[in-house]
Amino acid sequence: MHAAIRGCCGKATLAGNVAAPSVKAWRSQITAHRLLTALRCHSHPAEASSSNNMHTKSQQLLSVAPMMDWTDLHFRQLCRLISKQTWLYTEMVVDQTLLHNPDTDRFLWFPPEQHPIVCQLGGSNPKTLAAAALVVAKYGYDEINLNCGCPSERVAGAGCFGAAMMLQPQLVAQCCQAMQDAVPHIPITVKCRLGVDETDSYEALCTFINTVSEQSGVRHFIMHCRKCMLSGLNPAQNRSIPPLKREWALALKRDFPHLQFSLNGVVQHCQEAAAIIGHRQEGVEGGGGLHGVMIGRQAFYQTWDCLADADCAVFGATSNPAISRRQVLEDYGKYADAMIGKWLVRDNGQKKPNVRTVFKPLLNMFHGERGSKRWKQAVDAKFKTATSVLELLKDTLECFPDDVLDAPPKRHPFIAWHIDLNLPEPAPKRQCCRGVDSKRAVAMTGQLQSSKEVQLHSQHYGLASGDATIDTDGDDQDKVLLAAGDCSVAASVAV
């Protein structure tokens, strides 16, 4: 098996049967997107004005996962100040909420600099999801994602959506198609688990992917690489107890090379994401590489360390937009002070959002740094009287020395991605659509499992680093250790 950081081949079809150019690699994300946007606006003149105002989008190589009570408007703004190209997702918004609440700004409004951004919807009724998609479209989101992975009892139990939707792939397809018909100019994607309860075989997962993609036209699936248990485990347990099977995402790309798959599951930071994105499968159409990586709670727990080097390490930029925490805090403070009281100001002076709400995303900016605990205590003591985030920062940042406040983004010197080469057996031919039959897929698996040499080529400002070894542990399961130094992805776009 040969692994290298290079671009994937792929084709896009635009509405109105206008064929898009073939994209053979992805170094110049900006050039490619501008061309596609121009062609789309040629097919849909009515969309030209809104598209011209939209920030140029990069390929969704790295994204921050949608998380309830976490990825709100303010946390997304902090992420955008740190990384200009990482894709951002909203918290899940239930379709009924948008249809029965006149104040949709509170759920959907965002400043234009937050592009590229995806709105995740929750629901199980094609008609109400289509109506909600029309509301979302008015705000200019780049994509709409359907939640098929939330294991919460309120969502998957009483609500009958989220992860429970994986048990009804035809309904998922109907929901996605209804949304696509309602907003044909916005891509519809699906975020799902590997399985639910006892419906957890690889063949069942392939049936879900095949049904949804063939009956709705969805082309991008974000795979949370664990199954979930709707009974017996709470949401926190469902994030840790079911075994992590990241190799299943690779197997899906092997069996469905015409589709795009992003991996979500215990990725620590952007350098690890770059190593995962760079992995290739020999013998698989287009290289068998994953479309992207989604980072979850680690992006909130260690926001700076996780995302500060993303534009360079993942997207191949020559520099990162944030040079230090001090700069980010100053910029965020200006945003936060402008947001205080945006939704409501009562006669008694109560404001929504208040200082505490807009300050919350900053609390983990110094995770692991000396002075962090003392700073949080100082901040908490001043919350009751604070009226400005900038003033609150000015009064408390003295807890940190200058070398912490002004330190540049950290670059992790060594990344190892453990890949279990025992990929699941290929799905039957009826599920491996678009001409990828079982015999060919079996051959691909054989190449992966028999290979004894793996290479990961990574580049950081012209310095190649990284190699790979095979480690056989006591249970005779071969695993590949893909090692990448401080890496940025280098490729090219050919039209």
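The model is predicted, so local features need pLDDT of at least 70 and side-chain atom pairs count only at pLDDT 80 or more, while totals for chains, interfaces and linings use all residues. Residues are numbered from 1 along each chain as its sequence is written, and side-chain values use heavy atoms, with hydrogens and water left out. The secondary structure of the protein chain comes to 21 helices and 18 strands, where helices (H or I, at least four residues) and strands (E, at least two) are DSSP runs numbered from the N terminus. Of the 495 residues in the protein chain, 55% are buried; buried means under 20% relative accessible area, exposed over 50%, and partly exposed in between, with a 1.4 Å probe and protein chains only. Among contacts (heavy atoms within 4.5 Å) between residues at least 6 apart in sequence, 74% join residues at least 24 apart.

**Helix H16 and its neighbours**

- Helix H16 (residues 325–339) has 15 residues and reaches 21 Å from its first C-alpha to its last, close to the 21 Å expected at 1.5 Å a residue; the expected span is 1.5 Å times one less than the number of residues.
- The buried residues of H16 are Arg-325, Val-328, Leu-329, Tyr-332, Gly-333, Tyr-335, Ala-336 and Met-339, and they pack against H3, helix H14 (303–307), H17, H19 and H20.
- An α-helix has 3.6 residues a turn, so residues three or four places apart point the same way.
- H16 and helix H19 (residues 389–396) pack at an angle of about 145 degrees, with their axes 7 Å apart; axes are lines fitted to C-alpha atoms, for helices over the stretch in contact, and angles run from 0 to 180 degrees between N-to-C directions.
- On the H16 side this contact is made by Leu-329, Glu-330, Gly-333, Lys-334, Ala-336 and Asp-337, and on the H19 side by Val-389, Leu-390 and Leu-393.
- The residues of the contact of H16 with H19 divide into five nonpolar, one polar and three charged, where Ala, Val, Leu, Ile, Met, Phe, Trp, Tyr, Cys and Pro count as nonpolar, Asp, Glu, Lys and Arg as charged, and the others, Gly among them, as polar.
- Just after H16, Gly-341 takes a positive phi of about 80 degrees.

- Leu-78 lies in helix H3 and is buried, with a relative accessible area of 0%.
- Not counting residues up to four places away in sequence, Leu-78 touches Thr-303, Val-328, Tyr-332, Pro-361, Leu-362 and Met-365.
- Leu-78 and Asp-331 are 253 residues apart in sequence, yet 8.9 Å apart in space, C-alpha to C-alpha.

**Aromatic contacts**

- A search of the whole structure finds 13 aromatic pairs; rings of Phe, Tyr and Trp (its six-membered ring) pair if their centres lie within 6.5 Å, and planes under 30 degrees apart count as stacked, over 60 as edge-to-face and the rest as tilted.
- The rings of Trp-70 and Phe-300 form an edge-to-face pair, because their centres are 4.2 Å apart and their planes stand at 85 degrees.
- Trp-70 lies in the loop between strand S3 (62–64) and helix H3 (73–82) and Phe-300 in helix H13 (residues 298–301), so this pair ties together parts that are 230 residues apart in sequence; both Trp-70 and Phe-300 are buried.
- Phe-366 and Phe-400 form a stacked pair, 3.9 Å centre to centre with 20 degrees between the planes.
- Phe-366 counts as buried at 0% relative accessibility, and Phe-400 counts as buried at 5%.
- Phe-359, Phe-366, Trp-375, Phe-383 and Phe-400 form one aromatic cluster.
- The charged end of Lys-342 sits over the ring of Trp-109, 4.3 Å from its centre; the criterion is that NZ of Lys or CZ of Arg is within 6 Å of the ring centre and within 35 degrees of the ring normal.

**Backbone exceptions**

- Most residues other than glycine have a negative phi, and most peptide bonds are trans.
- The peptide bond from His-115 to Pro-116 is cis, with omega near -5 degrees, and Pro-116 is found in the loop between helix H5 (105–108) and strand S6 (117–122).
- The peptide bond from Lys-352 to Pro-353 is cis, with omega near -5 degrees, and Pro-353 is found in the loop between strand S13 (351–352) and H17.
- Asp-69 has a positive phi, near 70 degrees, in the loop between S3 and H3, and counts as exposed at 55% relative accessibility.
- Val-266 has a positive phi, near 55 degrees, in the loop between strand S10 (260–264) and helix H12 (270–278), and counts as partly exposed at 44% relative accessibility.
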